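Thanks for coming, everyone. Please look at the structure on the screen, and I will walk you through it strand by strand and ring by ring.

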Amino acid sequence: MTDRAVLSIDFELFTQTPAYRSASGTTDRDGVGLDGGRFFRDTLATYDATSTAFVVSEVAESYPDAVQALADDGLEIASHTHTHQLLSDLDSDGRRAELTQSKDVLERVTDERVSGFRAPAFDITDDHFDLLADTGYTYDSSVVSSRSIPGWYGGEYDIHEPAPATAVHPGAPDSITEFPASVMPGVQLPLTGTWLRFFGPRYTILGMKLLARRGITPMLYVHPWELVDLPAVDGVPTRVYVRTGDWMRRAIERILQQDFEFTTVRAVLADGETAASRLHRGETP
């Protein structure tokens, strides 16, 4: 049986990224990243693959056709908040509003149930899972069990496949499952996002294969703005521009050419067959 992987996309525009919002300059280009979303959707279809799109619902309000097209092509639509603000910058009521409004907008635009969530920059707070349960979500993908990366994230967790949210926070509700973003075994650095652009697709593909040998479904992520040529904006860090555009589009195609079944988070969780469950039965992963 072919191993599965999730190549998810955090569907935010370039102007919604923290790097752009904190920059001194601006761009007059609208919708930077939408073309990347179209490329991603079309390329999935070329390789008979699908995905989960964690969508910032402000994008769905401004460009509903772009988000509806993802759903029409069979991608699972999940939430990436309403405005893509860091959750730790908000109070509890503000975080609840981001979760509630995003879910409401995305379900109205796509007429499909939204059950998944990913926090911007994997930034979660102590009330994260309680808020998810209260607002109707059933799974989260806001954890990266990487080594500590100063100025980024990491060092807090040690889960590498879907697990009850109690594995992240002991007081989390039983109704929430955590599906962490994947890291390279041993090295413990993320496999995708900026790390794909830094280290190249061979690094990511090797990590996927090592995880699959352990019976773990890789969880990868990219952004639509990484797939387009970005406007030069004063104050945006150079790292944001590294290997975006054509290089990244070719990297995505190379990943999708691998011998994996690329599917949705919902499909993986519905199957529920993780390495941990096999080990519990005494089977070798």
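Let's start with strand E1, residues 3-11, where eight of the nine residues are buried. Buried means under 20% relative accessible area, exposed means over 50%, and partly exposed is in between, with a 1.4 Å probe and protein chains only. Helices (H or I, at least four residues) and strands (E, at least two) are DSSP runs, numbered from the N terminus.

A word on the source. This is a predicted model, so local features need pLDDT of at least 70, side-chain atom pairs count only at pLDDT 80 or more, and totals for chains, interfaces and linings use all residues. Residues are numbered from 1 along each chain as its sequence is written, and side-chain values use heavy atoms, with hydrogens and water left out.

Back to E1. Which strands does E1 pair with? Pairing here takes at least two DSSP bridges between two strands. Strand E8, residues 219-222, runs parallel to E1, with four bridges. There, Leu 7 has Leu 220 as its bridge partner. Strand E2, residues 52-55, is also parallel to E1, through three bridges. In E2, Val 55 is the partner of Phe 11. Then comes strand E9, residues 260-262, again parallel, again over three bridges. Asp 3 bridges to Phe 260 in that strand.

Now the core. A nonpolar core is a set of buried Ala, Val, Leu, Ile, Met, Phe, Trp, Tyr and Cys residues joined through side-chain atoms within 4.5 Å. In soluble globular proteins, nonpolar side chains tend to be buried together. Here, the largest nonpolar core has 77 residues. Which members touch the most others? They are Leu 7, Phe 40, Val 222, Ile 252 and Phe 262. Take Val 222. Setting aside neighbours within four places in sequence, Val 222 is in contact with residues including Leu 7, Phe 40, Leu 196, Met 248 and Ile 252. Contact means heavy atoms within 4.5 Å.

Next, helix H8, residues 201-213. H8 has 13 residues and reaches 18 Å from first C-alpha to last. That is close to the expected 18 Å at 1.5 Å a residue; the expected span is 1.5 Å times one less than the number of residues. Its buried residues include Pro 201, Tyr 203, Ile 205, Met 208 and Leu 211. What covers the buried residues of H8? The cover includes E1, helix H7 (194-199), E8, H9 and E9. Just after H8, Gly 215 takes a positive phi of about 80°.

Is Gln 258 buried or exposed? Gln 258 is buried, because its relative accessible area is 18%. Not counting residues up to four places away in sequence, Gln 258 touches Ile 205 and Lys 209.

One stop in helix H4, residues 64-72: Leu 70. At 1% relative accessibility, Leu 70 is buried. Beyond its neighbours within four places, Leu 70 contacts Phe 11, Arg 41, Ala 53, Leu 75 and Ile 77. Leu 70 and Thr 110 are 40 residues apart in sequence, yet 9.1 Å apart in space, C-alpha to C-alpha.

On to the rings. A pair of aromatic rings is described by the distance of the centres and the angle of the planes. Rings of Phe, Tyr and Trp (its six-membered ring) pair if their centres lie within 6.5 Å; planes under 30 degrees apart are stacked, over 60 edge-to-face, and the rest tilted. The count comes to eleven aromatic pairs. Trp 152 and Tyr 153 have centres 6.2 Å apart and planes at 90°, so they are edge-to-face. Trp 152 is partly exposed at 34%, while Tyr 153 is buried at 13%. Trp 195 and Phe 199 make a tilted pair, 6.1 Å centre to centre with 40° between the planes. Both lie in H7, four residues apart, about one turn of the helix. Trp 195 is buried at 7%, and Phe 199 is partly exposed at 41%.

Last, charges over rings. The rule: NZ of Lys or CZ of Arg within 6 Å of the ring centre and within 35 degrees of the ring normal. The charged end of Arg 118 sits over the ring of Phe 54, 4.2 Å from its centre. Lys 103 has its charged end over the ring of Tyr 137, 5.9 Å from the centre.
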